Amino acid sequence: MIPSYANFGGKIHGGILLSLMDKVAYAAASKHAGTYCVTVSVDGVNFLQPVEVGELVSLLASVNYVGRTSLLVGIKVIAEDVRSGTVKHTNTCYFTMVAKDDDGKPTPVPGLELESVEDTRRFVEAIKRREFKEQYNQEFNNARTALVVEHGYYDLTQERCRIAYPEVK
């Protein structure tokens with residue numbers, strides 16, 4: 001990682017790392033699909049440790065799951081201080097990609113050959129991840145639909161905010 005990738009705190013911008021992860025997810029998905037793929041979502045982006053200028057960053061990708069036209073690519077980010085030999089896991093996240101044909105329409109992808117217990121674990125975990133994501137999205141959308149801001153003022157009394165506009169009656 002070079003100095004121009006750093007933020008004002010001297011750490012590598014999260015956006016730089018996300019851009020690299022997106023490129024790696026594209027490469028893994030496109031190689032499996034045999035066609036162009038686009039990113040449709042990114043889950044689990046938690047920066048566990050900072051990446052420093054001068055560290056060598058490795059991105060490890062695997063296609064963990066395939067649907068009809070989609071692929072879930074897991075990416076693990078490792079940073080190494082080559083001077084001290086210290087290696088740290090900085091991030092793991094999941095990119096959902098969709099394969100596209102020459103007309104830009106979603107196109108079927110080949111099935112995934114599970115070659116180990118680890119591959120099978122990742123595949124089953126991806127199914128669970130999708131189920132939890134769908135459940136969360138449904139519950140959140142239901143809660144958001146039912147939300148009436150005017151009735152929720154009491155919810156903000158313990159928060160670090162202040163309503164700075166006149167109450168609507």
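Biologist: Why is Val-42 called partly exposed?

Modeller: This is a predicted model, where local features need pLDDT of at least 70, side-chain atom pairs count only at pLDDT 80 or more, and totals for chains, interfaces and linings use all residues. Residues are numbered from 1 along each chain as its sequence is written, and side-chain values use heavy atoms, leaving out hydrogens and water. Buried means under 20% relative accessible area and exposed means over 50%, with partly exposed in between (1.4 Å probe, protein chains only). Val-42 has 35%, so the label is partly exposed.

Biologist: Where is Val-42 found?

Modeller: In strand β1; a strand is a DSSP run of E of at least two residues, a helix one of H or I of at least four, both numbered from the N terminus.

Biologist: What makes β1 and β2 edge strands?

Modeller: The open sheet has four strands in the order β1-β4-β3-β2, with antiparallel pairing. β1 (37-43) and β2 (56-66) each have a single partner strand, so one side of each is left without a neighbour in the sheet.

Biologist: How do you know that β1 pairs with β4?

Modeller: Pairing requires at least two bridges found by DSSP. Six bridges join β1 to β4 (residues 86-99), and the two run antiparallel. Asp-43, for one, has Tyr-94 of β4 as its bridge partner.

Biologist: What lies across the sheet strands?

Modeller: Helix α1 (residues 14-33) lies across β1, β2, β3 (70-81) and β4, at about 55° to β4. Helix α2 (residues 117-146) also lies across β1, β2, β3 and β4, at about 80° to β2. Contact means heavy atoms within 4.5 Å; axes are lines fitted to C-alpha atoms, for helices over the stretch in contact, with angles from 0 to 180 degrees between N-to-C directions.
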